[in-house]
Amino acid sequence: EPFVADEYIERLAWRTPGGGSRGGEAFDPKRLLEEFVNHIQELQVMDERIQRKVEKLEQQCQKEAKEFAKKVQELQKSNQVAFQHFQELDEHISYVATKVCHLGDQLEGVNTPRQRAVEAQKLMKYFNEFLDGELKSDVFTNSEKIKEAADIIQKLHLIAQELPFDRFSEVKSKIASKYHDLECQLIQEFTSAQRRGEISRMREVAAVLLHFKGYSHCVDVYIKQCQEGAFLRNDVFEDAAILCQRVNKQVGEVFSNPETVLAKLIQNIFEVKLQSYVKDQLEEHRKSDAEQYLKNLYDLYTRTTNLSSKLMEFNLGTDKQTFLSKLIKSIFISYLENYIEVEIGYLKSRSAMILQRYYDSKNHQKRSIGTGGIQDLKERIRQRTNLPLGPSIDTHGETFLSQEVVVNLLQETKQAFERCHRLSDPSDLPKNAFRIFSMLVDFLCTEHIDYALETGLAGIPSSDSKNANLYFLDVVHQANTIFHLFDKQFNDHLMPLISSSPKLSECLQKKKDIIEQMEVKLDMGIDRTLNCMIGQMKHILAAEQKKTDFKPEDENNVLIQYTNACVKVCGYVRKQVEKIRNSMDGKNVDTVLMELGVRFHRLIYEHLQQYSYSCMGGMLAICDVAEYRKCAKDFKIALVLQLFDTLHALCNLLVVAPDNLKQVCSGEQLANLDKNILHSFVQLRVDYRSARLARHFS
């Protein structure tokens, strides 16, 4: 613990008798002083003793440090001597090693020719046996030494090829015969070992055959036997994948070039098994059933490419992607060359059949729309004048649009796009996709939708027809739904195929043109339908509105709140507004309702101008207009409601007191109107000709 002087003094005083009040003893300063003096002397003696000990230890430490430094110097000198000896020894070892290597090279230089000479002597001995026509050596007669015999005969075969034929024809023939016999024996041995599943024996025989011409035949035998019993199920692609997986594990244990053998197996599977299977599946339907042919072609090509993807994980050499692509191309090249022609032909016949089946179900004979100069002239006149050219056709409420037909056409086209994506060459993909899209436009847009629009336009009655049934809005509703489906397929299935090609702008333009063409006919049909609605309202007003409604004979006995004509017109308008809302979506609803509302207002305005109004008749007219205004609220269009508010204010001029006419005309709703309009309404009053009223208004 750290030394604290105060605490040490306190403990010393506490232990000294008389040094404190302990035990009631009196304090004795002399004894305490004496104790302190004695203790100081003891401490001084202890300090001197410790100091002497410290000096002794320091001297001893200095002595040992000198001895250690001397010893380190001696060790360093010894280390330098040892290092010099090591260098000398290393140089000596290097010198000896050089001598040994030189001696080894000399020995090898002597031994190699000797070994070659011995080997040449043996070969000459074996050659003499062939020359004599009698094979006596054990290596040729002992079947267990087939490996050594194979090595010898392979070398003799090479030597025999260098000999002149005229002198050594017989021996060359014998060597070739033996070469062939041994080769056949080795292949037979390999075959037997493969059947027994002896991998080590297969590896030994394959290594021997590697230097023979028949090595490739050995590989062929291996490939053939691998496939025995491998294709027993119906799924040849799955069988092929399992076979390759199994062989891939084994081939490396048998052959020195496993990637070449596995590639040859795969090539054999593609060119024999798969090609014959594909041919059987496709040729059966190629000319008789285009639909099944295209389905089979798509399915087989997809399964083949999937198999190729699985095989990519194996080691097949450097460029396995190109290798597998060539194999696939060799199988399908004859079918893919004219694929798009088959696709377009099938799509055309299938689409025509779907449409014809639909029209037959409706007992409808599709009429010709007509083309050429006269038809084009009619079309231009109709677009500019909005007049119906030709007789009106009664469609009996049939729109000749079918979502089922549309879904079928889109489904067929979707499948065609999928096949096109898979089966087309990347360079031809945008062009082929555009051809399929053109077929969709022809049959869906032109033959179905456009025909329905033309038929719908022809079915719209003239504006002066009575009790006309207006079905064109149903055509609009269904056409709108079909446009959404058409646009969705365009974005989902066509765009990915053409997005990065020049065909994109061509497709977008074609789509824009066909939609604009149909929008013109839709606008025309809607406009004529609105005219028919206004015509129906005119018929209702002409039939139901009487002159006495606004100039009753008995001014004091008017019991009705609004006229019968007003009730029927409002009922008719509400039905048409609901129908428009159900037939359209988005801003189109507001646009059409605003147009109908403006025409409805103009009709009521012009209708009111045809009558004279007594005071009570003016009140009834105001009630009618109030009901019309209530009906206008259903439009939910600010402009239409504003028009009827203004018309309601104008009707107040029919009943206001002559003295208040100027005040009413300067009101908020009438102040901005032309004075002639105000005057025209005031003239409708039966009391207009009175001098007082004319004077006040002027």
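This is a predicted model: local features need pLDDT of at least 70, side-chain atom pairs count only at pLDDT 80 or more; totals for chains, interfaces and linings use all residues.
Select E578, which is exposed, with a relative accessible area of 51% (exposed means over 50% relative accessible area, buried under 20%, partly exposed in between, with a 1.4 Å probe and protein chains only). E578 sits in helix 18, residues 564–583 (helices are DSSP runs of H or I of at least four residues, strands runs of E of at least two, numbered from the N terminus).

Residues are numbered from 1 along each chain as its sequence is written, and side-chain values use heavy atoms, with hydrogens and water left out.

Next, go to K636, in the loop between helix 20 (615–633) and helix 21 (638–651). K636 counts as exposed, at 70% relative accessibility. Its phi is positive, near 60°, and K636 is not a glycine. Most residues other than glycine have a negative phi.

F400 also has a positive phi, of about 60°, without being a glycine. Look for F400 in the loop between helix 13 and helix 14 (403–423). Is F400 buried or exposed? F400 is buried, with a relative accessible area of 7%.

From F400, move to H364, with which F400 is in contact (contact means heavy atoms within 4.5 Å). Leaving aside neighbours within four places in sequence, H364 also touches Y359 and Y451. The side chains of H364 and Y451 are joined by a polar contact of 2.5 Å (a pair of N or O atoms within 3.5 Å; within protein, one must be able to donate a hydrogen and the other to accept it, and residues adjacent in sequence count only if both atoms are side-chain atoms). H364 is in the loop between helix 12 (339–361) and helix 13 (373–385), and is buried at 17% relative accessible area.

Now select helix 23, residues 675–682, where L678, S680, F681 and V682 are buried. At the start of helix 23, a side-chain oxygen of D674 comes within 2.8 Å of the backbone nitrogen of N676.

Finish with residues 40–78, a span that is 100% helix and 0% strand, with its end C-alpha atoms 57 Å apart. An unreviewed UniProt entry annotates residues 40–78 as "coiled-coil region"; UniProt positions are given in the numbering used here, feature names are shortened, and annotations may be inferred rather than shown by experiment.
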